Amino acid sequence: NALIKKKELEFIEKQKKGKYIGELANIRFDKIEIIEHPTGKYEDYQVVVNLITKDNWKGYDVRLSNSEYIRPSSPYDELLTSFNTSGTYTYTLPKYDIAVHYDYVHSNRHQQYEYRTKNTSYIEQTIDNEEPTDIFYKNKHDFWIDTDFNLSKNHSISFKYSLWKSASHTYFSKTVERLYPNDDKGYIVNVDSKQHYQGTQHIGTIAYQGKLKTWDFSSELTYEKLLNNQTNSYTENTQELYYTPFDNTKSYLFWDINAQNKIYRKATLNMGYTTVRRKYESISQGTISETNSYRHSFYASFSMSLNEKLRAKVGGQFKNIREEKDIQNILALNASIEYHFNNNFFCDLYYRNQTQFPNQQQLNTNGRWINSCLYMVGNPHLKAGTRHLADFLFTTPHVTFVSSFNYTGNGISQIYKDQGGITLLTYENVKSWENSNSLFLQHSLNLSKGELELKGDRDRKSVV
């Protein structure tokens, strides 16, 4: 069975990974089930679409697609062109199946606009009829091959390899007027900024799924490596002020093991262990910036349907994080209560604790100049941030009320600092909180007309 959760359908469409599952030939499906408010493993989702394939099906599927998009420029918008070409081949036998996919995306954007900016050194603004030109283009190739083997009725193993290659170029040109403090004279400056990026990503995965009595087991081992080089140049009045090349490497080794047991069809116990080894390395003009991280996480959750109207879930994770010589322990708890008055009225209360890990750019001590007065650099002392989120939802057929509270104990935030005439753009752990209340109104009207032919009766009944 191939399970596709409605909550993830839009994400799958954008990522183009796993999309072929929902596009297999209709003859492969025995039936399709729509499960609203599922319990057990997928109780976090409002809807589960269960595609049940036929037993012992043999055959192949070929899927080819092409799309193009063009948006002409206007005084208030930009020129944007993009196209996407993809193809997937799937071959299935009772014991195994194999799928091969290729995807190519190209996008090109031209933009012109006016702006005014202020920093610690000067005020900069565009000149009439001299709007900046912002050009961006990107090419991306995505290839993957996936195969599944049914070892027995209750055990299977899968292998997948993905290759991703991308190249992009950004060019920004402007003629501006600069006004300095204590100087009434304006200075005309021609500025050109260029950024070029090339990246290659390799991902290899081995996965296992099995069932033993009432227990479901799964495990996944994934290795990911991303290689990219990036160059940044900044020129004023034909004089190149800064040229910064980067050679970056990111590698991840991920292993997860999970066990789930459904107890008397009313409760579900889920528990597991995850470990991640992450390594960042950046080389710029002979200077090396390197950070390593080791994460261990033990998690467990218990959910139960107390009756047809009330469901509850509680869970937690203990995370041990080692960043170089710094050790951080995090206890993250989660809980939810859902009460359904009837098929039209729902009341839900959720609490989640999330961990935010710093990325390579935020940790990189190799910085670069954005312009003549703005320098961007990472902070290698960043810690993993924690977020506490609480949501209350009340849903009716036409009105939905949502109240949310978000508190971040040591979240990662981008900040600006004044460094003696130079603005420093970097990252720090900061505290923040946010509260929001929303009211959604929804109304729909559906009209349909058709005919129903009853077997054994020649008369047709009109149905509206």
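I take strands as DSSP runs of E, at least two residues in length, numbered from the N terminus. On that basis I place I206 in strand 11, residues 186-212. The model I am reading is predicted.

**Entry: I206 and the nonpolar patch**

I looked up the exposure of I206 and found 40% relative accessibility. I then looked for a surface patch and found I206 in a nonpolar one, together with Y96, F149, L151, F159, L221, Y223, L253, W255 and I257. I read about 860 Å² of accessible area for these residues together. I checked which elements give two or more residues to the patch, and they are strand 12 (215-236) and strand 13 (239-263). Strand 13 supplies the largest share, 3 residues.

**Entry: W433**

I located W433 in strand 23, which covers residues 423-441. I list W433 as exposed because its relative accessibility is 61%, and exposed means over 50%. I set aside neighbours within four places in sequence and found W433 in contact with F405, N406 and Y407. I also checked T408, which is 25 residues from W433 in sequence, with 6.0 Å between their C-alpha atoms.

**Entry: whole chain**

I count 2 helices and 25 strands in the chain. Of its 464 residues, 36% are buried. I looked at contacts between residues at least 6 apart in sequence, and 58% of them join residues at least 24 apart.

Methods. Residues are numbered from 1 along each chain as its sequence is written. This is a predicted model: local features need pLDDT of at least 70, side-chain atom pairs count only at pLDDT 80 or more; totals for chains, interfaces and linings use all residues. Side-chain values use heavy atoms; hydrogens and water are left out. Helices (H or I, at least four residues) and strands (E, at least two) are DSSP runs, numbered from the N terminus. Buried means under 20% relative accessible area, exposed over 50%, partly exposed in between (1.4 Å probe, protein chains only). Contact means heavy atoms within 4.5 Å. Patches are made of residues with over 30% relative accessible area and no salt bridge: like charges are joined within 9 Å, nonpolar side chains (Val, Leu, Ile, Met, Phe, Trp, Tyr) within 5 Å. Accessible areas come from the Shrake-Rupley method with a 1.4 Å probe; for residues, only the protein chains shown count as cover. A salt bridge is a side-chain nitrogen of Lys or Arg within 4 Å of a carboxyl oxygen of Asp or Glu.
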